[in-house]
Amino acid sequence: MTFLLESVFNGMSIGAVLLLTALGLAIVFGIMGVINLAHGELMMLGAYTTFVVQNGFRQLGEGWFDAYLLIAVPLAFAVAAGIGVVLERGVIRYLYGRPLETLLATWGVSLILQQLVRSISWQMTLQIALFCLLFFGGRWLLSKRAIAPRWQAWVSPVLLLLSVGIGLTASLVAGGAVGLAMTKPWFGAQGVDVTAPSWLRRGVNLWGVQFPFVRLFIIALTVVCLAAIYCFLLRSQWGLRIRAVTQNRSMSACLGIPTQTVDSLTFALGSGLAGVAGCAISLLGSVSPNTGQNYIVEAFMVVVVGGVGKIVGSIVAALGIGFVNYVIGSGLMTRFLEPQTALFDFFEFFASTSMARVMVFILIIAFLQLRPAGLFPQKGRAVDA
Amino acid sequence: MAQEFGLGRRKFLVYGSAALGTSLLIKGCAPATETGGGGQPTAAGGDTIKVGILHSLSGTMAISEKSVVDATQLAIEQINQAGGVLGKQIQPILEDGASDWPTFAEKATKLIDQDKVVAVFGCWTSASRKAVLPVFESKNHMLWYPVQYEGQECSKNIFYTGAAPNQQIEPAVDWLLQNKGKKFFLVGSDYVFPRTANTIIKAQLAAKGGETVGEDYLPLGNTEVTPIITRIRNALPDGGVIFNTLNGDSNVAFFKQLQGAGLTPDKYPTMSVSIAEEEVQAIGVEYLKGQYAAWNYFMTVDTPENKSFVEAFKAKFGQNRVTNDPMEAAYIAVHLWKQAVEQAGTADDLEKVRQAAIGQTFNAPEGPVKMFANHHISKTVRIGEVGEDGLFKIVYSTPQPVDPLPWNQFVAETKGLVCDWTRTDVDNPGKFKATGA
C-alpha cells in the first residue's frame with residue numbers, strides 16, 4: 001500500500017512539473033499552431049522574476065520572506081505574458097502559417113533572450129530604452145507630419161542610425177562616469193539562487209511516504225492553472241472567441257471577432273503559463289540563463305504525445321511520462337523479481353536515471369508509430385489546412 | 001494587406017541586419033580592449049617573457065574558468081611588480097578555448113608556434129586537457145594545469161597543480177568511513193570524471209571495509225532527481241553517506257530536492273568534490289548548510305599567505321568576489337614556474353626549466369607545496385562543512401601535505417605503478433612498476 005502510494009505520488013509529482021512546463025506550449029502550439037522554441041526562455045524569465053521578487057522580500061525580513069511566492073507567481077505570469085505579447089506583435093504575427101520560419105525566428109529569439117539575461121546591466125537598459133524612445137518616438141512624431149515622398153524611404157534608416165549612435169554614446173558616457181554600478185550585469189552568466197520559503201523546504205511523512213511540500217505546491221499550482229484555463233476557455237467571452245478563431249479563422253473574422261487581438265491574447269496566455277512554470281521550477285532546480293533548455297524538449301514530448309490541440313491529451317501524456325520515468329528510473333520493477341534471474345538482470349540494466357530517459361524516448365517513438373497524431377488527435381485547423 | 005506584409009518584412013530585415021552589424025562591430029572591438037586592459041607591461045619585445053593563458057572565456061565553462069584567469073593574472077601582476085623573472089617582465093597572452101575541445105588544441109598550437117610562449121597556464125575540463133595533451137607532447141612544450149582531476153595520467157609536458165585522486169577523493173572517503181558510516185551511495189553526472197572517480201571509490205571501499213549500496217548517474221543538465229532520491233532511500237533506509245560527483249546544474253536540483261525529501265545532513269551526510277565557494281552561491285546556502293566538500297584549499301584557510309592572497313584578489317577584482325581551489329592552484333602554478341625559471345637561469349630552455357621545476361617548494365595559500373618528480377605537487381587535504389555565511393568551516397585537514405600519486409593504487413590495472421621523470425634507468429619514466437618500494 002505504502003509502495004503504491006509512493007509510486008503514484010512520485011509519478012504524479014514528476015508529471016505535474018512536465019504538465020506545468022507543457023501547458024503554455026500546448027496552448028500556443030495546439031491552439032495557434034505556432035512552434036515556439038522560445039518557450040523555455042519565457043520560463044527562464046519567470047524564474048528570474050521569482051529571483052527578483054525573492055530578493056525584494058528578503059529585504060523586508062524573515063516573516064515577509066515566507067510570503068514572497070504569493071507575489072512571485074502572478075508577477076512571473078505577468079512578465080512572461082508581457083514579453084509574449086511583444087514577441088507576438090513584433091515577430092510571430094508576420095509568420096503565421098509558416099511553421100518553419102516561425103521555428104527559426106523563435107529559436108533566434110530564444111538565443112537573444114538568453115544572452116540578454118547574461119549581459120543586461122543598467123548601462124544596457126539605458127541604451128535600449130534610449131534607442132526605443134528615439135527610434136519609435138521619432139517615427140511616431142514624423143508620421144504626424146507630411147514628408148516629401150522622395151525622403152520617406154530615408155526616414156527609418158536615418159532614425160535608426162541616429163538612435164543607435166545616441167543610445168550607444170550616452171550609455172558609454174554614463175558607464176564611464178558611474179563605473180561598476182552601471183556596467184555590472186544584474187544577473188551574470190552564473191546561476192542565481194532562488195530559495196524556497198522555509199515552509200516549502202520541508203516535507204511531511206504520512207503512512208511511510210515522504211511528501212515534499214514543494215512537490216505538493218507544484219501539484220496544487222498545476223491544478224489551479226488547469227482549472228483557470230478551463231474556466232477561461234469554456235466560460236468567458238474571450239475564451240469563446242479563442243475557440244471560434246481556432247476552428248475557423250476567416251468565418252470568425254467575418255462575424256466581427258478581432259482575430260489579431262485574439263492571437264495576442266492566446267499567445268500572452270501561453271507565455272504567462274510558461275512564466276508560472278518557470279517560477280515553479282526555480283523552486284526545484286537551477287536558475288541560470290539556460291534553465292529553459294533543460295525543459296523544452298520534454299515539454300514538446302508531452303504536447304506531441306498528448307495530441308496537438310488538446311489540453312486533455314497533454315494532461316494524460318504528462319502524467320503517463322512522469323509515471324514511466326519514475327518507475328524505470330527508481331528501479332521499482334526489480335523489486336518484484338527474484339534476483340539473479342534473466343528478467344531481473346534485464347530490468348536491473350535499465351534501472352538507472354539515464355536509462356530511464358532513453359527508455360522513455362524509445363517508448364514515445366514506438367507509441368507515435370502506432371498513433372502518429374498522439375493520444376487525442378485534433379479535428380481542427382490541421383484538418384482545414 | 002499582403003503588400004503591407006512584404007514591406008514590413010523587408011524593413012524588418014534591413015533594420016535587423018543594420019542592428020546586427022552594429023553589434024558585431026562593437027563585439028569586434030571588445031576583445032582588443034579586454035586583452036589591452038590585462039595589466040600588461042609596456043616594455044619592448046626583448047625585455048619580456050611571453051607566457052600563454054588558455055581558458056574558456058566563452059561558452060558553458062566560462063563561468064568557472066574566468067575566475068581562474070583572474071587568479072593567474074593576479075599572480076603574474078604580483079611577480080611583475082616585484083621585478084619580474086630574471087629581470088624581465090612577464091607578458092601574458094590570453095586565448096579563448098571557447099569551451100570547445102578542438103579549439104583548445106588549435107589555440108595551444110597558436111600560442112606555441114606563433115606567439116612563441118615559453119609556458120602555457122590553462123585548461124579546466126579533462127576533455128580539454130586530453131585534447132591539448134598531444135600538442136604539448138609532440139612539440140615537447142609545457143602546460144601548467146590547475147584543476148583537480150581523475151588521475152591515471154602522467155605527462156612529461158604537463159605540471160599538475162590541482163589534486164590527484166589520492167589528494168581529494170581518497171582522503172574524503174577515509175574520513176567518511178571513520179566519522180560518518182560505512183554504507184555509501186554514489187551519485188554522479190553521466191560522463192568520464194564521475195565514472196572514473198566512482199570506480200576508484202568502489203575499489204577503495206572494498207579494500208577498507210566499506211560498502212557501496214548503490215550508484216546512479218544523472219544525464220548532464222537533467223534536473224529531475226525524484227527517482228534517484230527513491231533509490232537512495234530504498235538502499236539506505238536508516239541513513240548513510242552520499243558521495244556526490246554531480247556537475248553543473250544537476251547539483252542545484254539535487255540539493256534543493258534532497259531537503260524536502262527528508263534526507264537531511266544529520267542522517268544522510270553528503271560529500272561533494274565539485275562544489276566550491278562559487279557554486280554554493282548559485283545553489284543557495286539554505287540547501288547546503290551542514291553538507292561537506294573535499295578540497296585542498298578553502299577561502300577560509302587560516303594562513304598568512306592566504307590572507308594576503310584573498311586581500312590582493314579582492315582589491316583587484318571586487319570585494320564580493322570569492323576565491324576557490326582551482327584559482328589557488330593556478331596562482332601556485334605561476335609562482336612555481338617563476339621559481340623554476342630563476343633556478344634554471346633561462347626561460348627558453350624548457351628541458352632545463354622542467355628539471356629545475358622538480359623539487360621546487362612554495363608557501364602557497366593552502367600551505368607549503370612541493371613539486372614532485374611525477375610533475376604533481378604535494379597538497380594538504382581539507383574537508384569543509386558549509387556554514388551560514390556560504391563559506392566552508394574546515395572540519396578536517398591532514399597534518400602534512402599529502403604526496404601525489406597519479407596512478408591509482410586501489411584500481412587493479414594501475415596498482416603499483418609509479419611515475420618519475422628524473423629516472424633514466426627505465427624505458428618509460430611516466431608509467432613503470434616500482435621495485436622494492
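Modeller: A salt bridge here is a side-chain nitrogen of Lys or Arg within 4 Å of a carboxyl oxygen of Asp or Glu. With that rule, the structure holds 27 salt bridges over all chains. Keep in mind that this is a predicted model.

Biologist: What makes B:Glu366 and B:Lys379 a salt bridge?

Modeller: Their side chains meet at 3.1 Å, N to O. The cut-off is 4 Å, so the pair qualifies. Both residues are buried. B:Glu366 sits in the loop between strands E11 (361-364) and E12 (367-370) of chain B, and B:Lys379 in the loop between E12 and strand E13 (382-386), so the pair ties together parts 13 residues apart in sequence.

Biologist: What parts of the chain does the pair B:Glu351 and B:Lys156 link?

Modeller: Distant ones: B:Glu351 is in helix H13 (residues 350-357) of chain B, while B:Lys156 is in the loop between strand E4 (143-145) and strand E5 (158-160), 195 residues apart. Their closest N and O atoms are 3.7 Å apart, and the limit is 4 Å, so this pair is a salt bridge too.

Biologist: Why is B:Glu351 called partly exposed?

Modeller: Its relative accessibility is 31%. Buried means under 20% and exposed over 50%, so B:Glu351 falls in between. B:Lys156, at 29%, gets the partly exposed label by that reasoning.

Biologist: And A:Glu101 with A:Arg98: how do you know that they form a salt bridge?

Modeller: Their closest N and O atoms are 3.8 Å apart, and the rule asks for 4 Å, so they pass. A:Glu101 has a relative accessible area of 34% and A:Arg98 has 26%. Those values lie between 20% and 50%, so both residues are partly exposed.

Biologist: What about the interface: how many salt bridges cross between chain B and chain A?

Modeller: Three. A:Glu6 forms a salt bridge with B:Arg233, with 3.6 Å between the closest N and O atoms. The contact takes 43 residues from chain B and 51 residues from chain A, and the two chains bury about 3,700 Å² between them, 52% of it on carbon and sulfur atoms.

Biologist: Which residues does B:Phe254 contact, leaving aside its neighbours within four places in sequence?

Modeller: B:Val187, B:Val225, B:Ile228, B:Ile232, B:Ile242 and B:Leu246. B:Phe254 is also among the residues that touch the most other members of the largest nonpolar core, which has 189 residues.

Key. Residues are numbered from 1 along each chain as its sequence is written. Chains are lettered from A and ligands numbered from 1 in the order in which they are written. This is a predicted model: local features need pLDDT of at least 70, side-chain atom pairs count only at pLDDT 80 or more; totals for chains, interfaces and linings use all residues. Side-chain values use heavy atoms; hydrogens and water are left out. A nonpolar core is a set of buried Ala, Val, Leu, Ile, Met, Phe, Trp, Tyr and Cys residues joined through side-chain atoms within 4.5 Å. Buried means under 20% relative accessible area, exposed over 50%, partly exposed in between (1.4 Å probe, protein chains only). Contact means heavy atoms within 4.5 Å. Buried area is the accessible area (1.4 Å probe) that two parts lose on being put together, summed over both. Helices (H or I, at least four residues) and strands (E, at least two) are DSSP runs, numbered from the N terminus.
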